[in-house]
Amino acid sequence: MKRKMFAVRFGAVALTAACVLAGVVLATEPGTQGDPLITLSYLETTATPAILEQVEGKVDAHEQELANQLNEAIGNYTKQMDQALANQGGQQTGASYAVVTLKKDQVLNMDIGCEVMLRIGTAVCVTPSSPGLIDITDGTTLNNEKALVTNHLYMATITGRAVRATANTTKVLVRGGYTIA
């Protein structure tokens, strides 16, 4: 009988110990510092926002650095272009036309590829050899001391080509490199 009582007592103690152990296991929450299991709610509310905040901070810092570098490069390029234009001494080299006013006997020396169109006044071609200027409008050439026709477009295809104003005020449209003498 003592053996039976011992087995019952031992079973009761074992059952109590199992219940206490089960209660302890069920009482612990997953996702705490004591339990390394990561839950979806932890990812959504804590981990992901923290990671996104760090990434956005780094992206913003990098973006600002790139913007500063771009602004510096633009500033340097602008200074270089301003210096280049200042060194040309009145020379225009852009892709758009510029209105140039010449006084009588002023000479507009044209670079190769420069285009000129007489708008107001009179002017003649100045060239040491033939052909002088190419009349793009009608496909002919204009030789030395020949008059430019108003609203015709002329192009210099050889160095040493120029236009000299013969009226008190002459206005021409110019595209390409030129100097005025």
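**Close-up views of a predicted model**

**View 1. Arg175 and Glu115 are joined by a salt bridge.** Arg175 counts as partly exposed, because its relative accessibility is 28%. The structure shown is a predicted model. The side chain of Arg175 meets that of Glu115 in a salt bridge, with a distance of 2.6 Å from N to O. This pair links distant parts of the chain: Arg175 belongs to strand β9 (residues 169-175) and Glu115 to strand β3 (residues 115-120), and the two residues are 60 residues apart. Glu115 counts as buried, because its relative accessibility is 10%, and buried means under 20%.

**View 2. Strand β3 pairs with β7 and with β9.** The strands β3 and β9 run antiparallel and are joined by 5 bridges. Within this pairing, Leu118 stands opposite Val172 in β9. The pairing of β3 with β7 is also in the antiparallel sense, over 3 bridges. Here Glu115 stands opposite Met155 in β7. Glu115 is also the residue that forms the salt bridge with Arg175. In a regular strand, the side chains alternate between the two faces of the sheet.

**View 3. Asp105 and Arg164 form a salt bridge.** A search of the whole structure finds 3 salt bridges. In the salt bridge between Asp105 and Arg164, the closest N and O atoms are 3.9 Å apart. Asp105 lies in the loop between β1 (98-103) and β2 (107-110), while Arg164 lies in strand β8 (residues 161-165), so the pair ties together parts that are 59 residues apart in sequence. How exposed is Asp105? With a relative accessibility of 47%, Asp105 counts as partly exposed. Arg164, by contrast, is buried, with a relative accessible area of 19%.

**View 4. Glu145 also forms a salt bridge with Arg164.** The closest N and O atoms of Glu145 and Arg164 are 2.7 Å apart. Glu145 is found in the loop between β6 (140-142) and β7 (153-155), and Arg164 in strand β8, so the pair ties together parts that are 19 residues apart in sequence. Glu145 counts as partly exposed, because its relative accessibility is 43%. Which residues are linked in a network of salt bridges? The network consists of Asp105, Glu145 and Arg164.

**View 5. A patch of negative charge lies on the surface.** The residues that gather in this patch are Glu53, Glu56, Asp60 and Glu63. Glu63 is located in helix α2 (residues 40-87). Is Glu63 buried or exposed? Its relative accessibility is 53%, and therefore Glu63 counts as exposed, since the cut-off for this class is over 50%.

**View 6. A nonpolar patch lies on the surface.** Ile38, Leu40, Tyr42 and Leu43 form this patch, and together they have about 390 Å² of accessible area. Leu43 counts as partly exposed, because its relative accessibility is 37%.

Terms used. Residues are numbered from 1 along each chain as its sequence is written. This is a predicted model: local features need pLDDT of at least 70, side-chain atom pairs count only at pLDDT 80 or more; totals for chains, interfaces and linings use all residues. Side-chain values use heavy atoms; hydrogens and water are left out. Patches are made of residues with over 30% relative accessible area and no salt bridge: like charges are joined within 9 Å, nonpolar side chains (Val, Leu, Ile, Met, Phe, Trp, Tyr) within 5 Å. Accessible areas come from the Shrake-Rupley method with a 1.4 Å probe; for residues, only the protein chains shown count as cover. A salt bridge is a side-chain nitrogen of Lys or Arg within 4 Å of a carboxyl oxygen of Asp or Glu. Lys and Arg count as positive and Asp and Glu as negative; His and the chain ends are not counted. The place of a charge is taken as NZ of Lys, CZ of Arg, CG of Asp or CD of Glu. Helices (H or I, at least four residues) and strands (E, at least two) are DSSP runs, numbered from the N terminus. Buried means under 20% relative accessible area, exposed over 50%, partly exposed in between (1.4 Å probe, protein chains only). Two strands pair if DSSP finds at least two bridges between them.
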